[in-house]
Structure formats: structure tokens, C-alpha cells
Amino acid sequence: MDLTQQAGDIENKRVEETNKDNSESIECSKITMDLKFNNSRKYISITVPSKTQTMSPHIKSIDDIVVLGMNLSKFNKLTQFFICVAGVFVFYLIYGYLQELIFSVEGFKSYGWYLTLVQFAFYSIFGLIELQLIQDKRRRIPGKTYMIIAFLTVGTMGLSNTSLGYLNYPTQVIFKCCKLIPVMLGGVFIQGKRYNVADVSAAICMSLGLIWFTLADSTIAPNFNLTGVVLISLALCADAVIGNVQEKAMKLHNASNSEMVLYSYSIGFVYILLGLTCTSGLGPAVTFCAKNPIRTYGYAFLFSLTGYFGISFVLALIKIFGALIAVTVTTGRKAMTIVLSFIFFAKPFTFQYVWSGFLVVLGIFLNVYSKNMDKVRLPSLYDLINKSVEARKSRTLAQTV
């Protein structure tokens, strides 16, 4: 009896100690496991960091949304929206104006790759400065991934800048609006995807709009060149691929925007520098820009700065309100850019630009709608007829009363 009682007391005491240890471990965010080996107790303590601490180099929780040192989380949703929209429109409209202004400098059109080199240098500096303001400065994405992203970024921006030597700026912007076309073609031929009616209709509208706009440009634009169409089309394909690669890498490794900008653009800078050196294109570009430093390097600095600020607001817009609102805002910005291009820079105009532009905008709307069918439901023809009949009945009843 004494041994039984003593064994029971020991067991109860053990349970009480275990419960006490568990309660203490919950308070201090620790997990304690009780393991019994040869009638002796051993404890293994595993520390779990709190929510505000970094759990690993690849896991980080960020609640605040900071853009250019301004914490948008302190404002309400409506104020956040207006701040983001204002930032997108102001910085990107200046960006587009400066880009066209640089290529309006006589003799500069053949130096599109050198402009991209300068732009990458400024972006790398801006990314390095912003990264210094962040507590966690570790690189999270592997170097091989950054080499791929840098190559695609060089293709996107380099080919896009070079195409302006052969195309009007509005034509370039219209092409950049139609990223869906290479994305769908790649999905069909590479991944065997199938798309719904809305996506196919969007691609058809964009294709017809592009063809119509290009034909109008080739008819009235004195500097139209088919080489520009090829360059901007290749840039569009690279842009369609880079979005998927960047999104996958940032989600997998939880990297910051400043890290992505710093490493992708600095590696891309090395790519372009090697390319220009091997093709003997660096010397003439440096000589030309040295003769006009303000109109070349000065404009390029402002051009890069506004582009860097603009993308920060676009990313904040996506994070807060989602892709649907972001695409709507950026599409409006591109339309405004085209209008301002015709206002500030003299160029031929035809109403074919307007109708073909409407087709492209319709394609963008159909594409956005197809991705958000569960959120945006358009009324069917049957619903519209029923509402019309009910409205007539209510008017008749009101007149009777």
C-alpha cells in the first residue's frame, strides 16, 4: 500500500510539474517535451521566436507598407488609394515625357543601349540606398536566379528603349499594353493551357488594335521602321516571362523589392557593359553624351529616378488593393501618356489611333474581367430585361396610384 501510494504521489507530482512547465513555456514562447529514459527525466527545449522576430532568412512578416519612407499603413484605405494613384500618375507621366525627350535629342536615337546602361546604374544605386534603410540586408534569392532575372530585365528595358529609335512613342506604349498576347501564346504552346472565351476575345481585340495602330503609324509616321516593331515585340516577350520569374522568386524566398532591384539591375549593368564593350558601342556613346551632359546624363538621372519612384507606388497599389485596381490605374496612366505625347511632341495624328486604342483598352478590360469573374459580375441580358420590365411595372403602378 505504501509503495502504491508513493508511486501515485510521484506520478501526480510529475503531472503537476509537466503542466507547470507547459504553462511557463506558453508564456515565454517555448515548447518543452518530457522524455523518460531509464526512470530519469530529460528535457529538450525548442525556442520559437515571437511574431515580430525573423524566424529564418526566408521567412519575414511585414505589416507596414512603406513607400519612399512614408508609412501608408497610418492612413485609411481611401487616402492610401489617392496617394498611390497620384504617385503612379505623377512619376510615370514625367518618366514617359523624359524618355521621349531624351530620344528627341538630335543624334541620340542610336544610343538606346547606352541609355539602358546608365538607367541600370542609377537603379542599382537607388536600390543600394534603399536597402541600407532596411534592417535585414541579407540576400535571399540565389545568385543563379538573379542572373536569369537580370538577363530578362536587360531584354525588356534595352529592347524597349532601343525601339524608340525606330517607332513613335505612342506606338511603343500601345505594344507594351499587350503583354497578354505573348503570355497566352507561351501558355498554349509550352504548357498546353486552355483559355476561356473572355481571354481569347481579349487577345483578338489586342491583336486587331495593334495591327490597326501599326498600319496607321506606318502610313503617316515619317520615321516608321519595321525593326522597331520587332524590337518592341521581343521586349514584350521578355516582359511577359520576367513577371512570372520575379513573382515566383519573391514569393519563394520572401525577398524585398529593394533587394530585387539592386541585384537584378546591377548584374544587368554588367551584361550591358560587356555587350557594349565587345561591340565597340561604348566609346561613341560616351563621347556623344560628354558633349551634351545635361541633356543626356541629366535627363537620364531624372528619367531613372521617376521610374524607380513610380514602380514603388505600383507595387504598393498591388499589395493594398490587388491587381484589378492596379491594372486599371496603370492603363489609365498609359492612355494619358499617349495623349500628352501628342500634345508636347509634334507628330502626325489620325483618328485610326483612337479607334485602335479603344480596341486595345477593350482587350485589357476583358483580360482583367476574366481573371476576376468571381469579384466582378456583369449583368446578363436576361437580368437587364427583367429589370426593365420591373421598372415599367413600378412606373405604371405609381401613375395608377
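Predicted model: local features only at pLDDT ≥ 70, side-chain atom pairs only at ≥ 80, totals over all residues.
**Entry 1: the whole protein**

I started with the overall make-up. The secondary structure comes to 14 helices and four strands. I then looked up burial, and 38% of the 401 residues count as buried. The accessible surface comes to about 23600 Å², and carbon and sulfur atoms hold 65% of that surface. For contacts with a separation of 6 or more, I found that 79% join residues 24 or more positions apart.

**Entry 2: helices α10 and α11**

Next I picked a helix pair. Two packed helices are described by the angle and the distance between their axes, so I looked up both. Helix α10 covers residues 282-291 and helix α11 covers residues 293-321. Their axes come within 5 Å and cross at roughly 105°. That angle falls in the 65 to 115 degree range, and α10 and α11 are therefore roughly perpendicular to each other. On the α10 side, the contact is made by Val 286, Phe 288, Cys 289, Ala 290 and Lys 291. Pro 293, Thr 296 and Tyr 297 make it on the α11 side. I sorted the contact residues by class and got six nonpolar, one polar and one charged.

**Entry 3: Ser 160**

Is Ser 160 buried or exposed? I found Ser 160 in helix α4, which runs over residues 143-163. Its relative accessible area is 7%, and the cut-off for buried is under 20%, so Ser 160 is buried. I also listed its neighbours, leaving out residues up to four places away in sequence: Ser 160 touches Gly 155, Gln 172, Lys 176, Ile 232 and Ala 235.

Key: Residues numbered from 1 in each chain as written. Heavy atoms only, no water. Helix = DSSP H or I, 4+ residues; strand = E, 2+ residues; numbered from the N terminus. Buried < 20%, exposed > 50% of the residue type's maximum accessible area, 1.4 Å probe, protein only. Contact = heavy atoms within 4.5 Å. Axes fitted to C-alpha atoms, helices over the stretch in contact; angles between N-to-C directions. Parallel < 35°, antiparallel > 145°, perpendicular 65-115°, else oblique. Nonpolar A, V, L, I, M, F, W, Y, C, P; charged D, E, K, R; others polar. Areas by Shrake-Rupley, 256 points an atom, 1.4 Å probe, with all protein chains shown as cover.
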